[in-house]
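Visitor: Please take me through one part of this structure in detail. I would like the strands, their pairing and the residues around them.

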Amino acid sequence: MVIAIGFEGSANKLGIGIVKDGVVLSNPRHTYITPPGQGFLPKDTAKHHREHALDILQQALEEANVKPEQIDVVCYTKGPGMGAPLVSTALVARTVAQLWNKPIVAVNHCIDIEMGRLITGAQNPTVLYVSGGNTQVIAYSERCYRIFGETIDIAVGNCLDRFARVLKLSNDPSPGYNIEQLAKRGSKFLEMPYAVKGMDVSFSGLLSYIEEKAPSLIASNEYTPEDLCFSLQETVFAMLIEITERAMAHCNSEEVLIVGGVGCEYRFIPLLVISTSANGVLMFYCLLYIRFCIDNGAMIAQAGWEMYRSGAVTPLEETSCTQRYRTDEVEVTWRN
């Protein structure tokens, strides 16, 4: 029996989760929300994490009914993510590990794939990882999560968030969620740049195009905000489905798994069902459990739990953070 506690603070959500042998005991989090039309700055996000860390930690322990002495390992997000929030959260994790005299494991944020596999039961899926800071198509091979395709500029979540600022949409609960709600009411499609380059995608040109066009199109009543959200969402999702489909064919995969905050957007479901059915894919897995799609501490605890059980422990002097920590840099010692 191993109990792991995970600290996640790579962006605007601070989460602390506790996992016991594949069972999530607690998973509270607190989100830093800015006014409509504004993003979140690293220094302000880090301040938010520092202010709420102790309250969230106490809540996690109480909900799990676990005492510090019962914790076997402390896990934290090493990266990728925003520098200042990462450092603030890592500082809390290091302090807790030393106070409780526990080993510590540094976790790659993108290995929340393990939480997806745990929750859905997927064995060896092709993974579409879509979030505010990451866009990758990933598959496991020879002790490594290999990246078959990715964004060459900005992440899909960042693209959606930035367009939400143009429309002055609320950041509560998230810009992407509010874009999706408007998109459901849109019907008139605006053709926009479709940038798939081999196995990679590019969103910056698409974003520049819609940012420039939106004010005049809305002012002239040619397109509504709902139409533009609909058009943007359909275009970026189609691009992602295309490269996922191609990776699945290359890997001869029978499973697909969506992880990351953008994976909460239900429009992905019919698009992937159509795509996978057309290609004879036998199994379809999607991480629909929103509390595990969005950044949370339990996903870090689960990944760290897997790492710790396979013998991985991070020396205290190496418990640093890095904003650029690639998925394929992690040696996957817990899978055969």
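Guide: A hairpin joins E7 to E8 through 4 residues. Strands here are DSSP runs of E with at least two residues, helices are runs of H or I with at least four, and both are numbered from the N terminus. The model is predicted, so local features need pLDDT of at least 70, side-chain atom pairs count only at pLDDT 80 or more, and totals for chains, interfaces and linings use all residues. Residues are numbered from 1 along each chain as its sequence is written, and side-chain values use heavy atoms, with hydrogens and water left out.

E7 and E8 pair in the antiparallel sense over 4 bridges. Two strands pair if DSSP finds at least two bridges between them. Across this pairing, Tyr 129 stands opposite Gln 136 in E8.

E8 also has a partner in E9. These two strands are antiparallel, with 5 bridges. Tyr 140 has Tyr 145 of E9 as its bridge partner. The hairpin of E8 and E9 has 4 residues between the strands, and Glu 142 takes a positive phi near 50 degrees there.

Put together, the strands form an open sheet of 4 in the order E9-E8-E7-E12, with mixed pairing. From one strand to the next, the twist averages 25 degrees. Axes are lines fitted to C-alpha atoms, for helices over the stretch in contact, and angles run from 0 to 180 degrees between N-to-C directions.

Now the packing. Helix H7 (residues 225-251) lies across E7, E8 (135-140), E9 and E12. The helix runs at about 155 degrees to E7. E8 is largely enclosed by the rest of the structure, because 6 of its 6 residues are buried. Buried means under 20% relative accessible area, exposed over 50%, and partly exposed in between, with a 1.4 Å probe and protein chains only. Both faces of E8 are covered. Thr 135, Val 137 and Ala 139 are buried on one side, and Gln 136, Ile 138 and Tyr 140 on the other.

Return to Tyr 129, which is found in strand E7. Its relative accessibility is 1%, so Tyr 129 counts as buried. Contact means heavy atoms within 4.5 Å. Leaving out residues up to four places away in sequence, Tyr 129 touches residues including Gln 136, Ile 138, Val 259 and His 109.

The side chains of Tyr 129 and His 109 make a polar contact at 3.1 Å. A polar contact is a pair of N or O atoms within 3.5 Å; within protein, one must be able to donate a hydrogen and the other to accept it, and residues adjacent in sequence count only if both atoms are side-chain atoms.

His 109 sits in the loop between strand E6 (104-108) and helix H3 (113-120). At 2% relative accessibility, His 109 is buried as well. Among the residues that His 109 touches, beyond four places in sequence, are Glu 8, Thr 77, Asn 134 and Asp 295.

The record links three of these residues. In an unreviewed entry, UniProt lists His 109, Tyr 129 and Asp 295 for "binding site". They are spread over 187 residues of sequence, yet cluster in space, with a largest C-alpha distance of 12.3 Å. UniProt positions are given in the numbering used here, feature names are shortened, and annotations may be inferred rather than shown by experiment.
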